[in-house]
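I opened the notebook for a friendly look around this one. Here is what I looked up, entry by entry.

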Amino acid sequence: MDLTQDVRDLIHAATKRLKGPSLRRFMADVVRKLGGGGQRRAQRELGWDRGTIRKGEHELRTGIDCLDGRSGNPRAGVDERLPTLKADIRNIVECWSQTDPRFR
């Protein structure tokens with residue numbers, strides 16, 4: 001299977017809409033269509049992680065969804081817990097990030 005730019009764009013659009021097990025299974029399907037050396041080719045040309053591809057192939061083979069690191073973790077992300085964190089960091093380092101007016 002030849003990966004033209006249109007095919008790559010289509011694959012990237014699909015991966016943006018999928019999450020979790022459905023994304024991994026899609027990745028495994030694409031790798032199977034690529035044939036021999038598909039994992040390395042997908043890693044090189046699509047930027048996918050081979051560990052994720054292997055997990056997706058395992059899910060396809062067994063029919064059982066593997067748990068993610070985030071599943072079952074009720075803790076909110078840092079953006080939700082500390083909504084002003086980025087602005088606070090920017091305020092702290094702002095006085096130190098100015099270039100010397102004489103460029104020394």
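**Ground rules.** I am reading a predicted model, where local features need pLDDT of at least 70, side-chain atom pairs count only at pLDDT 80 or more, and totals for chains, interfaces and linings use all residues. Residues are numbered from 1 along each chain as its sequence is written, and side-chain values use heavy atoms, with hydrogens and water left out.

**Arginine 24.** I found arginine 24 in helix α2, residues 20-34 (helices are DSSP runs of H or I, at least four residues, numbered from the N terminus). Is arginine 24 buried or exposed? Arginine 24 counts as buried because its relative accessibility is 5% (buried is under 20% relative accessible area, exposed over 50%, partly exposed in between, with a 1.4 Å probe and protein chains only). Leaving out residues up to four places away in sequence, I listed its contacts as Thr52, Lys55, Gly56, Glu59, Cys66 and Asp68 (contact means heavy atoms within 4.5 Å). Glutamate 59 lies 35 residues from arginine 24 in sequence, with 8.1 Å between their C-alphas.

**The core.** I then looked up the largest nonpolar core and noted ten residues: Leu3, Ile11, Met27, Val30, Val31, Leu34, Ala42, Leu46, Trp48 and Ile53 (such a core is a set of buried Ala, Val, Leu, Ile, Met, Phe, Trp, Tyr and Cys residues joined through side-chain atoms within 4.5 Å). Helix α2 gives the most to this core, with four residues. Alanine 42 touches Val31, Leu34, Gly47, Trp48 and Ile53, again not counting residues up to four places away in sequence.

Terms used: Helix = DSSP H or I, 4+ residues; strand = E, 2+ residues; numbered from the N terminus.
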